[in-house]
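Hello,

Here is the structure we spoke about handing over. Please open it first, then read the notes below.

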Amino acid sequence: MIPEDAMRAAIAIAQESLVTGDIPVGAVILNPEGEIVATGKNEREALGDPTAHAEIVAIRSAANNGWRLDSHTLVVTLEPCAMCAGAIAQSRIGNLIFGAWDEKAGAVGSVWDVLRDPRSIHTVEVRAGVLADECAQLLTDFFRE
């Protein structure tokens, strides 16, 4: 699956968050063959769980077959926060693709760079800005309402 197609899938999942009043962030995890093996959307409001970010929900789902997600790719509509960046590293995800930058809480280049810090114990290949405008528009529309 090409990154733009995977991001479109994540955008569609993000839109499902709107039903529960959650911030529209969506994530998909691709296996080494490029197939979607897990999805997640923000569910903090729906579950009353502060850790229920889209990335965490997707990682928990993908880890059902083992916690080491080496060679997997996480595609998410918004730059991960520090908590999610830590979970990405701990699950050993090899690749991260994200859409919109998070200038307030982003931990993959905006505010911090947890995943590419030379002191990190796990290296993640990062590609930023895939369909960034579409991903950002979801958030802009949500907060405008």
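Leu131 is buried, at a relative accessible area of 18%. Keep in mind that this is a predicted model. Leu131 sits in the loop between strand S5 (125-128) and H5. Its phi is positive, about 50°, although Leu131 is not a glycine. As background, most residues other than glycine have a negative phi.

Arg92 also has a positive phi without being a glycine, with a value near 65°. Look for Arg92 in the loop between helix H4 (82-90) and strand S4 (95-100). Is Arg92 buried or exposed? Arg92 is buried, because its relative accessible area of 18% is under the 20% cut-off.

**The hairpin**

Next, the strands S1 and S2. Strand S1 covers residues 26-30 and strand S2 covers residues 36-41. The two run antiparallel, and five bridges join them. Ala27 stands opposite Gly40 in S2. The hairpin of S1 and S2 has five residues between the strands. In this hairpin, Gly34 takes a positive phi near 85°.

**Aromatic pairs**

How many aromatic pairs are there? The count comes to two. One is formed by Phe98 and Trp101, with ring centres 5.0 Å apart. Their planes stand at 85°, so this pair is edge-to-face. Planes over 60 degrees apart count as edge-to-face. Phe98 is buried, at 0% relative accessibility. Trp101 is partly exposed, with a relative accessible area of 41%.

Phe142 and Phe143 also form an aromatic pair. Here the distance is 5.0 Å centre to centre. The angle between the planes is 80°, and the pair is edge-to-face. Phe142 counts as partly exposed at 22% relative accessibility. Phe143 counts as exposed, because its relative accessibility is 56% and the cut-off for exposed is over 50%.

**The largest pocket**

Phe143 comes up again here. It is one of the residues that lie nearest the centre of the largest pocket. The space in the largest pocket is about 410 Å³.

What classes of residue make up the lining of the largest pocket? The lining has ten nonpolar, two polar and six charged residues. On the general idea: rolling a probe the size of a water molecule over the atoms shows where empty space is left.

**Salt bridges**

How many salt bridges does a search of the whole structure find? It finds eight.

- Asp49 lies in the loop between helix H2 (44-47) and helix H3 (54-62), and Arg60 lies in helix H3. The pair therefore ties together parts that are eleven residues apart in sequence. Asp49 is partly exposed, with a relative accessible area of 23%. Arg60 is partly exposed too, with 46%.
- Asp70 is partly exposed, with a relative accessible area of 33%. Arg68 counts as partly exposed at 44% relative accessibility.
- Arg116 counts as partly exposed at 40% relative accessibility. Asp113 is partly exposed, with a relative accessible area of 27%.

**One contact across the sequence**

Last, Asp141. Where is Asp141 placed? Asp141 is in helix H5 (residues 132-144). Asp141 counts as partly exposed, at 32% relative accessibility. Asp141 and Pro24 are 117 residues apart along the chain. Their C-alpha atoms are separated by 9.7 Å.

Best wishes

Terms used
Residues are numbered from 1 along each chain as its sequence is written. This is a predicted model: local features need pLDDT of at least 70, side-chain atom pairs count only at pLDDT 80 or more; totals for chains, interfaces and linings use all residues. Side-chain values use heavy atoms; hydrogens and water are left out. Rings of Phe, Tyr and Trp (its six-membered ring) pair if their centres lie within 6.5 Å; planes under 30 degrees apart count as stacked, over 60 as edge-to-face and the rest as tilted. Buried means under 20% relative accessible area, exposed over 50%, partly exposed in between (1.4 Å probe, protein chains only). Two strands pair if DSSP finds at least two bridges between them. Helices (H or I, at least four residues) and strands (E, at least two) are DSSP runs, numbered from the N terminus. On a 1 Å grid over the protein atoms alone, a cavity is a set of points where a 1.4 Å probe fits but cannot get out, and a pocket is an open set with protein on both sides within 12 Å along at least five of seven lines; lining residues have an atom within 4 Å of a point. Grid points are joined across faces, edges and corners, and a volume is the space filled by probe spheres set on the points. Ala, Val, Leu, Ile, Met, Phe, Trp, Tyr, Cys and Pro count as nonpolar, Asp, Glu, Lys and Arg as charged, and the others, Gly among them, as polar. A salt bridge is a side-chain nitrogen of Lys or Arg within 4 Å of a carboxyl oxygen of Asp or Glu.
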